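Notebook, opened to record what I looked up in this model and in what order. I start with charged pairs, then turn to helix packing and end with a single side chain.

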Amino acid sequence: MTKHRTLKLIHLASTAWFILCIGYIMVFTLRQVGFQWWIIFSLSGHSALLAFMLVSLYSFALFRGVGRSQKIEAEHPLTSTNYYITFYVAAPFLGGLAGWVGMIGVSAIKQVLLGIALGTLVTTFLSWVIVDPVTGLLEMVLPPSSRKHRRNRLAKAKTDRIKRHKGRELLLADLLAKEESDRHGWQEVLKPEAEKLAELLATNRTDFKQAEREAAGIGVKAWQIGGLDCMRQLRDMTIDLYKKKHQDSMIIDYISTWWDGIGSWRSPSLQEMTNLQG
């Protein structure tokens, strides 16, 4: 077992011990003011569930690596050392030991346990809530080397973000330029095919099967040239040509059905296949 994992386990155990001590203090206080055991047990059931959820969430964060090991040594020369980390994770146990030492000579078990619990509570609160944040803040503010390293790190992170953003913008611009170039190139290649498709749209029912076969061949060719985008451009060009030649007639979009299954082209639903006025 690695030292890092061992510290995590100690931290988890000390947290559980801290919660147990808080529970004992609550029960002791309620008994002192005269609460019956059945009331205490009914309250402790909900409290135990809440404590279990908190410990579970804390354990998840702890074992996912969200812990003190992520501190940068150059910015935290004290709190990133093994000695300090060991003291931090063992603070509840040290507090309990201090409370037990302070109760030497007391014969009542309840009082001894209360002293241990109070020692754990006070030491943990001072260590985790007051001393550690203040020490970490002083580490970043007072030593010039810490401040300089932090400024450099934040500046580098900002520069990296800007570079990534610009890189994404350049990539997007290249893709858009390539797409626009492809469209201009396809325009001349697809013009004869669009004229053929426009004529096929005006076919009568007797030649419908033949028109469907020819349109499928044209669709395959468009797919081979530029995929789905090329097929869409060809269809749009065909519809525009048909409108110019047959201004007074109604357009029925047979192309979407004729090309169903070619490449990634899929026929639209009946609701989407609306008639287009010329």
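Entry 1. In this predicted model, I looked up Asp229 and Arg232, which lie 3 residues apart in helix α7 (residues 208-245) and are therefore separated by about one helical turn. Their side chains meet in a salt bridge, with 3.8 Å from N to O; the cut-off for such a pair is 4 Å. I then checked accessibility: Asp229 is partly exposed at 33%, and Arg232 is likewise partly exposed, with a relative accessible area of 44%.

Entry 2. I went on to Asp160 and Lys156, which form a salt bridge whose closest N and O atoms are 3.1 Å apart. Because the two residues are 4 positions apart in helix α6 (residues 144-201), about one helical turn separates Asp160 from Lys156. Lys156 counts as exposed, its relative accessibility being 54%, whereas Asp160 is partly exposed at 25%.

Entry 3. I looked up Arg235 next and found a salt bridge with Asp236, the closest N and O atoms lying 3.2 Å apart. Asp236 is partly exposed, and its relative accessible area is 40%. For the model, the count comes to 5 salt bridges.

Entry 4. How do α4 and α5 pack, and at what angle? I read an angle of about 140° between helix α4 (residues 91-102) and helix α5 (residues 109-141), with the axes 7 Å apart. The crossing in which α4 passes α5 is right-handed. On the α4 side the contact is made by Ala91, Pro92, Gly95, Gly96, Gly99 and Trp100, and on the α5 side the residues include Gly115, Ile116, Gly119, Thr123 and Trp128. Sorting the residues of this contact, I have 6 nonpolar, 9 polar and no charged.

Entry 5. Is Ile85 buried or exposed? Ile85 has its place in helix α3 (residues 82-89), and with a relative accessible area of 11% it is buried, since the limit for that term is under 20%. Leaving aside residues up to four places away in sequence, I found that Ile85 touches Leu7, Thr79 and Ser80. Of these, I followed up Leu7, which is 78 residues from Ile85 along the chain, while the C-alpha atoms of the two are separated by 8.1 Å.

Definitions and conventions
Residues are numbered from 1 along each chain as its sequence is written. This is a predicted model: local features need pLDDT of at least 70, side-chain atom pairs count only at pLDDT 80 or more; totals for chains, interfaces and linings use all residues. Side-chain values use heavy atoms; hydrogens and water are left out. Buried means under 20% relative accessible area, exposed over 50%, partly exposed in between (1.4 Å probe, protein chains only). Contact means heavy atoms within 4.5 Å. Axes are lines fitted to C-alpha atoms, for helices over the stretch in contact, and angles run from 0 to 180 degrees between N-to-C directions. A crossing is left-handed if the near helix is turned anticlockwise from the far one by less than a right angle, and right-handed if clockwise. Ala, Val, Leu, Ile, Met, Phe, Trp, Tyr, Cys and Pro count as nonpolar, Asp, Glu, Lys and Arg as charged, and the others, Gly among them, as polar.
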